[in-house]
Amino acid sequence: MSNIQDKVVIITGASSGIGEAAAKELASKGAKLVLAARRGERLKKLQEEIQNNGGQAIYKVTDVTSHDQMEELAELALQEFGKIDVLVNNAGVMPHSFLYKKRIDDWNKMIDVNIKGVLYGIAAVLPTMREQKSGHVINLSSVAGHFVGAGSTVYAGTKFAVRAISEGLRKEEAANNIRSTIISPGAVTSELINAITDMDLKPGIEKIYEGAIDADAIARAIAFAIEQPADVAINEMIIRPTSQER
Ligand SMILES: NC(=O)c1ccc[n+]([C@@H]2O[C@H](COP(=O)([O-])OP(=O)(O)OC[C@H]3O[C@@H](n4cnc5c(N)ncnc54)[C@H](OP(=O)(O)O)[C@@H]3O)[C@@H](O)[C@H]2O)c1
């Protein structure tokens with residue numbers, strides 16, 4: 001039996017890209033899924049697809065920038081399934097631009113979704129995981145959480161922060177048997193680059209994404225981290241297209 005079977009897994013940003021692919025992968029391995037994002041129609045369609053394939057999933061429209069909504073999401077998982085085994089903090093936004101353009105709203109959005117969203121997710125599940133003396137938090141960072149490129153400064157800042165938060169969580173909760181995993185993808189096909197409107201940057205990024213790999217590749221990495229025995233923690237993975245140099 002897979003070590004994913006019957007695990008209760010919350011996935012944020014499940015309405016597209018990596019989150020959606022992870023939901024399908026984990027459902028096929030017997031996870032009980034709690035799907036979250038803002039676009040309810042997408043979540044409903046995904047839930048139906050999972051159920052039609054014999055999997056288990058519920059969903060809740062959730063904005064990760066709301067602490068209250070994240071607490072309600074964790075509460076729903078507990079009500080429906082009685083435990084929380086894994087949180088995949090996957091929701092993220094990447095409206096790249098150069099600093100001098102002062103796109104303050106975009107900076108705030110990245111900080112709110114990519115950093116605060118991750119923290120609110122951790123806050124929502126941690127009391128339950130500490131009580132259970134088991135749990136696993138998987139945070140999506142990025143290659144941009146390792147290297148800063150011109151134009152990706154604020155995004156990289158948020159993804160460096162995700163790695164710092166994940167490592168701090170690992171240290172704080174090691175004694176409580178809670179695993180922490182950082183997943184740092186390179187270019188992956190999804191809706192992420194649609195938010196880039198800075199035309200001084202967009203063509204170059206589109207060029208990089210011509211070599212993007214499928215979101216399934218990241219979904220498999222997430223499954224790999226979850227399916228390890230409880231005493232084995234995969235703390236960090238970088239997954240790039242083979243052809244991606246930086
Ligand atoms: N694709 C890549 O090349 C790549 C590379 C490195 C890292 N990543 C990271 O991987 C993660 C997933 O991104 P993706 O590539 O799959 O992009 P995507 O297709 O754009 O998916 C992003 C997801 O985040 C959700 N989201 C955005 N803002 C939200 C909010 N305020 N509340 C709740 N959900 C929100 C979106 O759903 P709604 O709009 O329905 O809310 C969507 O489901 C992100 O953290 C991203 O930074 C991606």
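Predicted model: local features only at pLDDT ≥ 70, side-chain atom pairs only at ≥ 80, totals over all residues.
Figure 1. S141 sits in the loop that links strand 5 (135-140) with helix 5 (153-173). Sequence neighbours within four places aside, its contacts are K159, V162, R163, I182, I183, S184 and P185.

**Figure 2. Helix 5 and its cover.** Helix 5 is built from 21 residues. From first C-alpha to last, helix 5 reaches 30 Å, close to the 30 Å expected at 1.5 Å a residue.

**Figure 3. E210, an exposed glutamate in a loop.** E210 lies between helix 6 (202-209) and helix 7 (215-227), in the loop that joins them. Is E210 buried or exposed? E210 has a relative accessible area of 60%, so it counts as exposed, the cut-off being over 50%. A second residue, G13, gives a reference point. E210 and G13 are 197 residues apart in sequence. In space, their C-alpha atoms are 23 Å apart.

**Figure 4. The whole chain, for orientation.** Seven helices and seven strands make up the secondary structure of the chain. Their order along the sequence is β-α-β-α-β-α-β-α-β-α-β-α-α-β. The radius of gyration is 17 Å, close to the 18 Å that the globule rule gives for 246 residues, so the chain is as compact as a globular protein of that length. The C-alpha trace spans about 50 × 40 × 35 Å along its principal axes. Of the 246 residues, 53% count as buried. Take contacts between residues at least 6 apart in sequence: 71% of them join residues at least 24 apart.

**Figure 5. Surface and charge.** The chain exposes about 11,400 Å². Carbon and sulfur atoms supply 50% of that area. The chain carries 28 positive and 31 negative charges.

Methods:
Residues numbered from 1 in each chain as written. Heavy atoms only, no water. Helix = DSSP H or I, 4+ residues; strand = E, 2+ residues; numbered from the N terminus. Rg over C-alpha atoms; globule rule 2.2 N^0.38 Å. Buried < 20%, exposed > 50% of the residue type's maximum accessible area, 1.4 Å probe, protein only. Contact = heavy atoms within 4.5 Å. Areas by Shrake-Rupley, 256 points an atom, 1.4 Å probe, with all protein chains shown as cover. Lys, Arg positive; Asp, Glu negative; His and termini not counted. Charge placed at Lys NZ, Arg CZ, Asp CG, Glu CD. Expected span 1.5 Å × (residues − 1).
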